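Colleague: Please take a close look at the aromatic rings in this model and at the helices that go with them. I would like one connected account.

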Amino acid sequence: MIDRNYADFAWEQAAALLAIDSPSGFTGRAAQWVKQAFENLGFSAEITGKGGVLACLGGEGEGLLLEAHTDTLGGMVSRIKSDGRLELTPIGGMRAENGEAENVTVYTREGKTVEGTFQLCNASVHVNGSYGEAKREYGGMEVVLDENVTTAEETRKLGIEVGDYVCFDPRTRRTASGYLKSRFLDDKLSVGILLGFAKYLADQKITPARTVYVHVTVYEEVGHGGSASVPAGVTEAISVDMGCVGEGLTCTERQVSICAKDSGGPYSYEVVGKLIDAAKKTGADYAVDVYPHYGSDVEATLRAGYDLRHGLIGAGVYASHGYERSHIDGVFNTLKVLAGYLEV
């Protein structure tokens, strides 16, 4: 049976990936890192036409596709203001209020990086008497660059232009009690989990009884990550993404969540049942929940016209799309379900 060391390895991989900025559409470095990580474990991997990573974990016959994504939320310069500060447009569901006072990095087309902070306009409490009442929205917030600029022309001389990506500091850390905290655990934690599972197969020289593929997508946060690159012979696809934690749901950060239904509708009754059976068989601490505001890669796969059964699991993550928190137990329980599902 898979042991806890693979959960620790999964977190180490996730933490390394979290250090690589990769909002949707700006994922080249992260994808290359993921490709190399699978190759380092002895598996073949390739960059897809859309820029994702497709790896094969071996096996024969009926195919299973495991999907996770390495693209994250972020921002893009939409206007260089007259005082040299930057107005942003969000990439994916990056909410302005969740990014307030966060350090950011601007990536120019020439490969230069410029640091700054995402702030409320007129952010000094001792100056702005309406600080508490101001709406936190993109039109009323700005990037204050850590450069001596006071005009749009001076900012452009740094190489910054409209369309440049702005990446938010993930602030990644693991606590002594096993909690995992970072922006963008959704879904780099799951990429780490799939690498941990791949290492388990490689270390134990296990050949799955069916063909297993991994697709690490790069456009999930904007809705079409899983809409391509499904190998021939795949009959089931499972998204390994964050499990929701919050009011009205039963999952905690220390569990693996099995999703029965989300905003896109119900998942395959057969696949959900087999995931529950896998959790019970391996002793994984799990919860079954219905997510009210959620969509996954595997739903994009179905909408693209692929004829397959689908499911969704993931380590519980609190404060999704903000400063997120999970736990190493949730990682381990997710690995247990994957091993149980494939009977390895």
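Modeller: This is a predicted model. I start with a charge and a ring: the charged end of Arg136 lies over the ring of Tyr131, at 4.7 Å from the ring centre. A second case is Arg325, whose charged end sits over the ring of Tyr179, 4.0 Å from its centre.

Next come the ring pairs. The structure has seven aromatic pairs. One of them joins Tyr6 and Tyr200, with ring centres 5.5 Å apart and planes at 75°, so this pair is edge-to-face; the cut-off for that class is an angle over 60 degrees. Since Tyr6 belongs to helix H1 and Tyr200 to helix H5, the pair ties together parts that are 194 residues apart in sequence. Tyr6 is buried, at a relative accessible area of 7%, and Tyr200 is also buried, at 5%.

Another aromatic pair is Phe118 with Tyr138, which is tilted: the distance is 5.8 Å centre to centre, and the angle between the planes is 35°. This pair links distant parts of the chain, with Phe118 in strand E7 (residues 113-120) and Tyr138 in the loop between E7 and strand E8 (141-145), 20 residues apart. Both Phe118 and Tyr138 are buried.

Returning to Tyr6 and Tyr200, ring pairs link these two and Phe197 into a cluster. Helix H5, which holds Tyr200, spans residues 185-203. H5 is mostly covered, with 16 of its 19 residues buried. From first C-alpha to last, H5 reaches 26 Å, close to the 27 Å expected at 1.5 Å a residue. Just after H5, Lys205 has a positive phi of about 50°.

H5 and H1 also come up as packing partners of helix H2. H2 covers residues 28-40, and its 13 residues reach 18 Å from the first C-alpha to the last, close to the 18 Å expected. The buried residues of H2 are Ala30, Ala31, Val34, Lys35, Ala37 and Phe38. Viewed down the axis of H2, they fall within an arc of 160°, so they line one face of the helix. In an α-helix there are 3.6 residues a turn, so residues three or four places apart point the same way. Against the buried residues of H2 pack helix H1 (5-18), strand E1 (45-47), strand E2 (53-56), helix H5 and strand E12 (211-217). H2 is followed by Gly42, which has a positive phi, near 95°.

Key
Residues numbered from 1 in each chain as written. Predicted model: local features only at pLDDT ≥ 70, side-chain atom pairs only at ≥ 80, totals over all residues. Heavy atoms only, no water. Helix = DSSP H or I, 4+ residues; strand = E, 2+ residues; numbered from the N terminus. Expected span 1.5 Å × (residues − 1). Buried < 20%, exposed > 50% of the residue type's maximum accessible area, 1.4 Å probe, protein only. Arc of directions from axis to C-beta. Contact = heavy atoms within 4.5 Å. Phe/Tyr/Trp six-rings, centres within 6.5 Å; stacked < 30°, edge-to-face > 60°. Lys NZ or Arg CZ within 6 Å of the ring centre and 35° of its normal.
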